[in-house]
Amino acid sequence: MNDRIIHTPPISVTDLALLKEKGSEVSVDNTFEINEVDLAHEVHPFKAFLFFSRFSGAVDGEEYAFRKCYSRGCTHNLCPHVSQAVMIANRYLQRDYRTLENAGIKVENKLFTLEKMLAQFEEKRDEFVSTLIINDYINIAKGGDDVSVDVSLEYVPAVENFANYKEKRVFFSASFNVTHIGKTHVCQRCFSCYAMDKEKEERETAKKLANDRVAGIYKGFDQANIKYNKVFFE
């Protein structure tokens, strides 16, 4: 972990943990953003909701801010139902809280609460999507079960709808098609994104961040003896 590049200002939870471990004074607060996006998926564009946490604070007195996508929800099987997306987002968020706390950083364990939004959707779950996250399957494999994963990466262009403006962005997205006890479920992750009108300035940094996060998951696969195809964003 200490061999990782530390970005200044920080752009990830890992950066915050590493900076704290190196002796910096780090403060963290986070707020939630849930934004509707128009996703261009092959020939079938569709609307979905992206679940973001915006982290902010200071490192040695210097302010920073970044946001991280935790889940994607919609009303059909191109991604998890919104009710599932809330649970998935909170699972990943809680893991990041543990990373910060283990590094000695105090953070309030706030979670996504989307009752008003969830009321707009049917109360059923898509059987194709599991509420287990990819780390659950890693732990299952470590327990001795046979788990295999087919990884597919995708650059997903989207128009993110903010309160007073829209912004075109490209998301580095991955689908982990997990096969376990004869069934296949999909775990989806958004690893990074960049603004289309700032592609030259932001794309390479966003790609590096996405690949770092993917590599961390592959390390878990290797430790659990999970069969998978190792692919990275290019």
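A nonpolar core is a set of buried Ala, Val, Leu, Ile, Met, Phe, Trp, Tyr and Cys residues joined through side-chain atoms within 4.5 Å. In the present structure, which is a predicted model, the largest such core comprises 52 residues. Leu 16, Val 28, Val 149, Phe 176 and Phe 221 have the most contacts inside this core. Helix α2, spanning residues 82-102, supplies the largest share of the core, with nine residues. Another core, of twelve residues, lies apart from it and includes Ala 48, Leu 50, Cys 190 and Cys 193.

The surroundings of Val 149 were examined next. When residues up to four places away in sequence are not counted, Val 149 touches Phe 176, Asn 177 and Val 178, together with Phe 221 and the residues Ile 226, Lys 227, Tyr 228 and Asn 229.

Helix α2 also contains Asp 96. This residue counts as buried because its relative accessibility is 10%, and buried means under 20% relative accessible area. With residues up to four places away in sequence left out of the count, Asp 96 touches Val 13, Lys 68 and Tyr 70.

Attention then turned to helix α4, which covers residues 134-142. Its buried residues are Ile 134, Asn 135, Asp 136, Tyr 137, Ile 138 and Ala 141. The elements that cover these buried residues include helices α2 and α5 (199-223), as well as strands β4 (147-161), β5 (166-180) and β6 (183-195). Just after α4, Gly 144 adopts a positive phi of about 115°.

Key:
Residues numbered from 1 in each chain as written. Predicted model: local features only at pLDDT ≥ 70, side-chain atom pairs only at ≥ 80, totals over all residues. Heavy atoms only, no water. Buried < 20%, exposed > 50% of the residue type's maximum accessible area, 1.4 Å probe, protein only. Helix = DSSP H or I, 4+ residues; strand = E, 2+ residues; numbered from the N terminus. Contact = heavy atoms within 4.5 Å.
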